[in-house]
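Hello,

Please read them against the coordinates when you have time.

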Amino acid sequence: MSYDYKIEVRDLSTWFGKKKILKEISCYFEDNSVTAVMGPSGCGKSTLLRSLNRLNDTIGSFRMSGEVLLEGENIYAPDSDVYDLRRRVGMVFQRPNPFPMSVRDNITYGPKLHGMKDIDELDNLAEQSLKKAALWDEVKDSLEDPAPNLSGGQQQRLCIARALAVDPPVLLMDEPVSSLDPISAGKIEELITELKKEYTIIMVTHNVQQAFRVSDQAAFLYLGELVEFDKTKRIAEAPSDDRTEAFITGRIG
Amino acid sequence: MSQQIKEDLSQFIRELRSAKGSARIDLLGRFGLLIPALASSAVIVLILTFLWYESALIFASPEGGMGIIVNPTWNPNRDLYGIAIFIAGSFMCTILAIGIAVPLGMAGALFLSEFCPHRLRGPIRMVIEMMAAIPSIVYGLWAYLVVTPWIGSVLAPAFGVESNGLSLLAGGIILAIMLLPTIVTVSDDALQSVPRTLREASLALGATSTETARKVVMGAAMPGIGAAVVLSLGRAVGETMAVLMVTGNALQIPFSLFDPTYVMTSIITNQLGYAFVFPLWRSALFAVALVLLLMSISFTIMAKLFIRWGMKTRGLR
Ligand SMILES: Nc1ncnc2c1ncn2[C@@H]1O[C@H](COP(=O)(O)OP(=O)(O)O)[C@@H](O)[C@H]1O
Ligand SMILES: [Mg+2]
């Protein structure tokens, strides 16, 4: 099937109860690119991200209108398979949330869900995923240790490895480094640039400098509106909206 | 030992002198909370000492001795005081009850916490909490009139066994029913306190909510669920009235679920009145009580060790 963009958002509006959060948003995300989603807190960044893997559906008061196309197919279509969607669109959360299990079991959790049984195959996949997440060298001798005993930065890379293990073409990251120390944050930033070669990455960040460093294109949300959406370089040079400029110069946010 | 306590105390007084304002209140509060904690440990020690003192006679006498623990013949008329039957009876009854109640209770808690429609949750919890408040004699009466006849006339014949229903199985069932409310409510609390982000991590990998509940939420709630089981173990070993009424109280070790049995609490309740003026007999009953208490303490300790091990392998605190 041919499609223009990996993910295309068309006229997306969302509500929690009566409160409208996202307002008629349209944007797209290309293969092998990093998109930074910026904006003041509470403007709807997480809500946008969680609309792309339908995680908002788990919240009772959530409603939406519009379309989200993944490889050309509307993920909100009645016959769309939400479990398959979430396998194809992985997510990394703001706080590292490893399962209370061993390092290895954390990684193999997803693949096992989707039917992988062979032990050697699972072991191999665990190794590959940990390598991709630049964690293998640190944990290869302690795969049976409980994951919650790792450091915060290691936990977050484990969560990245866990998401990669089900081989999702798209990776959503919701402020993946905001709870980490600068060194761990730096490692993950490096990792993101590396992962871009294989994945479509959409990353929420509160940190403008970070967005400029790692992203190819950027979206700026303000009170639920998509105020700016363009190549990062262009926004960095000359934002077209006053609110974007105020945000990147640190006057709001 | 007492040297240590003296040092701790003077350390505490020094800290109290140098602290001021709210810090002083905090220190006093902590010291104040120590007292009930010490008092309750003291009570356990006192009770153990008392039971040991009362049962010393039978353990020291030639008719008794430590051997009574493994001797299955109980016949006070002929000065035979083997208590193995009661130990086996209590043990089997407890294991059976836990074996029935834990899976059922966990299933119930999972339903309540993860799958129950929001509007039904409150009312269902309330009913379950009320179940915990029903006196055990009422459970006993109900089991005597409903459960035992059902076992005698339906279940036993279905297995080709002859039974009047008063049996190990009846004891296990009624105990399990009595344990259920604790297991369900405590486990439900534990499941509810599992952070939302853990569930979301699982859902975001494409898991269904059933898979998430079974594989992630249950594991994360394990310490709390374990606590429910510990509480239940203690209660199951010590429960008296309901079990007394439905187990048939036959002086034998049961070989099938449909055989009657005699548990430790029942023999004490049934015979203490007659035994009081016969020192050996009376002492033997206290020996039963001592074993009962030790059994429930060791069940609790074993369960706690098991939980601690489980938490350690999962990296839970
Ligand atoms: N589960 C929810 N129920 C109701 N309102 C919510 C929920 N989650 C977020 N919101 C509201 O949606 C708005 C946007 O939240 P969010 O997308 O988390 O913002 P951001 O990630 O940009 O900080 C906020 O006003 C927040 O209060
Ligand atoms: Mg957010």
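In this predicted model, strand β9 (residues 217-222) of chain A is joined to β10(A) by six bridges, and the two run antiparallel. One of the residues involved is A:Gln217, whose bridge partner in β10(A) is A:Lys231.

Both strands belong to an open sheet of six strands in chain A, with mixed pairing and the order β6-β7-β8-β3-β9-β10. Its edges are β6 (89-92) and β10 (225-231), each of which pairs on one side only. Ignoring direction, neighbouring strands of the sheet are turned against each other by 15 degrees on average.

Two helices of chain A lie across strands of this sheet. Helix α1 (residues 45-52) lies across β3 (34-38), β6, β7 (170-174), β8 (200-204) and β9, and runs at about 155 degrees to β7(A). Helix α7 (residues 182-195) lies across β3, β7 and β8, at about 150 degrees to β8(A).

The axes of α11 (residues 264-275) and α12 (residues 279-314) of chain B come within 10 Å and cross at roughly 155 degrees. Angles over 145 degrees count as roughly antiparallel, so α11(B) and α12(B) are roughly antiparallel to each other. Their crossing is left-handed. On the α11(B) side the contact includes B:Met264, B:Ile268 and B:Leu272, and on the α12(B) side it includes B:Trp281, B:Arg282 and B:Leu285. By class, this contact has 13 nonpolar, two polar and one charged residues.

Regards

Methods:
Residues are numbered from 1 along each chain as its sequence is written. Chains are lettered from A and ligands numbered from 1 in the order in which they are written. This is a predicted model: local features need pLDDT of at least 70, side-chain atom pairs count only at pLDDT 80 or more; totals for chains, interfaces and linings use all residues. Side-chain values use heavy atoms; hydrogens and water are left out. Axes are lines fitted to C-alpha atoms, for helices over the stretch in contact, and angles run from 0 to 180 degrees between N-to-C directions. Helices (H or I, at least four residues) and strands (E, at least two) are DSSP runs, numbered from the N terminus. Angles under 35 degrees count as roughly parallel, over 145 as roughly antiparallel, 65 to 115 as roughly perpendicular and the rest as oblique. A crossing is left-handed if the near helix is turned anticlockwise from the far one by less than a right angle, and right-handed if clockwise. Contact means heavy atoms within 4.5 Å. Ala, Val, Leu, Ile, Met, Phe, Trp, Tyr, Cys and Pro count as nonpolar, Asp, Glu, Lys and Arg as charged, and the others, Gly among them, as polar. Two strands pair if DSSP finds at least two bridges between them.
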